[in-house]
Amino acid sequence: MSDRAIVLFKDGPPQDWRRAADILLSAAPTLSRADATRTCRFGQGMIFMPLLATEAAAVAAALAAAGMPAEPVPVKEVVLAPSAFTLLKAGALPEGLEIQTNVQGKTSVLPWSAIRLIHVSFVRPSGAKAALPDVDEQERQAEELAQTLPSPTDGLASSGVAGAAVVAGSVLIAAAAGPGLLSTLALASTAQSVSDASNMMAGPPTGPKEPELWLEIFALEPLLRLRIRRHAFSYDSLGPRRASTGRANFRLLLQEIVNNATGAARTGLTETVLAGRDPEVPKLLCEDKDLELALTALLTREKRHGLPRAKVP
């Protein structure tokens, strides 16, 4: 797969996906029309089918010539959305987001400067049982990581990269390993690539579940994904501001996070929630496998070029 690449739309999903599909089909004769149409319509701004590097370069050039800025991205450089660590409790501190990382109440602080992406989505979970990587191995990696980093009393909390690394170790995520191998494996297939990647780390499905509203927070150095489920989270950290409904509390928490993580891009339904509009409506519902693809495209764009940021008053 070392000579394979995907094509990334630099500005996000193409507005005219039909035209993009025609261009793709013309520049990449190895694809079928069905494949070209599907990846341009549902690829979330990424032609997720691995092409030969020369073919990907030709596709990107043809799209750019048609006014759709695009670039080839080697498969190993795709930032595949990692598995999420679900938070049950979290709260804002001056230096960062304090999160509870185990049932015994252990906490870590993710510095605000480490947060690169805040994404809200209304999702229908597939019912797959996510499994963490081997606990013993991750604890060993976390201990090795801790030995190479200064202690919190040495100013660790003020370092975005170092703070994120400690959080990654605390929640037993193999963040430092990067997405290279997983990206290669995931992108080896076609439309089901991201779904297949998720299944590699999941148990047998339990059947579709009820839709949920998710707030997800990402760091890139190292790669880290934290998830807050609106209906399964303790909002005690809001203190006297805590409202009587979960929807109101979710909005308050989101507002607190974006107010502090001023360097993060806001994507998905983040602005919808901040504006007080209802995000839990059928037309905004997405399947979890589609969310994984969208996040992979967003993380790859953020890593390579940076996503648009909201203007700070």
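Colleague: Before we get into details, how many helices and strands are in the chain?
Modeller: The chain has 10 helices and 12 strands. Bear in mind that this is a predicted model.

Colleague: OK, so at what angle do H1 and H2 pack?
Modeller: At about 135 degrees, with the axes 8 Å apart. H1 covers residues 17-27 and H2 covers residues 33-42. An angle over 145 would count as roughly antiparallel, so H1 and H2 are oblique to each other. Their crossing is right-handed.

Colleague: Which residues make that contact?
Modeller: From H1 you have Trp-17, Ala-20, Ala-21, Asp-22, Leu-24 and Leu-25. From H2 there are Arg-33, Ala-36, Thr-37, Thr-39, Cys-40 and Arg-41. Sorted by class, the contact of H1 with H2 has 7 nonpolar, 2 polar and 3 charged residues.

Colleague: What about Phe-42, where is that one found?
Modeller: Phe-42 is in helix H2. Its relative accessible area is 45%, so Phe-42 is partly exposed. The C-alpha atoms of Phe-42 and Trp-17 are separated by 8.9 Å, and these two are 25 residues apart along the chain.

Colleague: And H1 with H3, at what angle do their axes cross?
Modeller: Roughly 140 degrees, and the axes come within 9 Å. H3 is residues 53-65. That angle makes H1 oblique to H3, and the crossing of H1 and H3 is right-handed.

Colleague: Which residues in H1 and H3 meet there?
Modeller: Ala-20, Ile-23, Leu-24 and Ala-27 in H1 meet Glu-55, Ala-58, Val-59, Ala-62 and Leu-63 in H3. By class, the contact of H1 with H3 divides into 8 nonpolar, no polar and 1 charged. Ala-20 and Leu-24 are among the H1 residues in contact with H2, and both also meet H3.

Colleague: Nice. Changing topic: how many aromatic pairs does a search of the whole structure find?
Modeller: The search finds 1 aromatic pair. The partners are Phe-233 and Tyr-235, whose ring centres are 5.1 Å apart with the planes at 70 degrees, so the pair is edge-to-face.

Colleague: Is Tyr-235 buried or exposed? And Phe-233, buried or exposed?
Modeller: Tyr-235 is buried, with a relative accessible area of 3%. Phe-233 also counts as buried, at 10% relative accessibility.

Colleague: Then which residues does the cis peptide bond join?
Modeller: Glu-221 and Pro-222, with omega at about 0 degrees. Pro-222 is in the loop between strand S9 (212-220) and strand S10 (223-229).

Colleague: And what is phi of Gln-44 near?
Modeller: Near 60 degrees, a positive value in a residue other than glycine. Gln-44 is in the loop between H2 and strand S2 (46-52). With a relative accessible area of 34%, Gln-44 is partly exposed.

Colleague: One more tryptophan: where is Trp-112 found?
Modeller: Trp-112 is in the loop between strand S7 (107-111) and strand S8 (115-124). Trp-112 is buried, with a relative accessible area of 7%.

Colleague: What does Trp-112 touch?
Modeller: Not counting residues up to four places away in sequence, Trp-112 touches Ala-92, Leu-93, Pro-94, Glu-95, Gly-96, Leu-97, Ile-257, Asn-260 and Ala-261. Trp-112 and Ala-219 are 107 residues apart in sequence and 9.7 Å apart in space, C-alpha to C-alpha.

Colleague: Last one, Thr-267. Which strand is its place in?
Modeller: Thr-267 is in strand S11, residues 265-268. Its relative accessible area is 12%, so Thr-267 is buried. Leaving aside neighbours within four places in sequence, Thr-267 is in contact with Leu-117, Ile-118, His-119, Val-120, Leu-298 and Leu-307.

Methods: Residues numbered from 1 in each chain as written. Predicted model: local features only at pLDDT ≥ 70, side-chain atom pairs only at ≥ 80, totals over all residues. Heavy atoms only, no water. Axes fitted to C-alpha atoms, helices over the stretch in contact; angles between N-to-C directions. Helix = DSSP H or I, 4+ residues; strand = E, 2+ residues; numbered from the N terminus. Parallel < 35°, antiparallel > 145°, perpendicular 65-115°, else oblique. Left-handed = near helix turned anticlockwise from the far one by under 90°. Contact = heavy atoms within 4.5 Å. Nonpolar A, V, L, I, M, F, W, Y, C, P; charged D, E, K, R; others polar. Phe/Tyr/Trp six-rings, centres within 6.5 Å; stacked < 30°, edge-to-face > 60°. Buried < 20%, exposed > 50% of the residue type's maximum accessible area, 1.4 Å probe, protein only.
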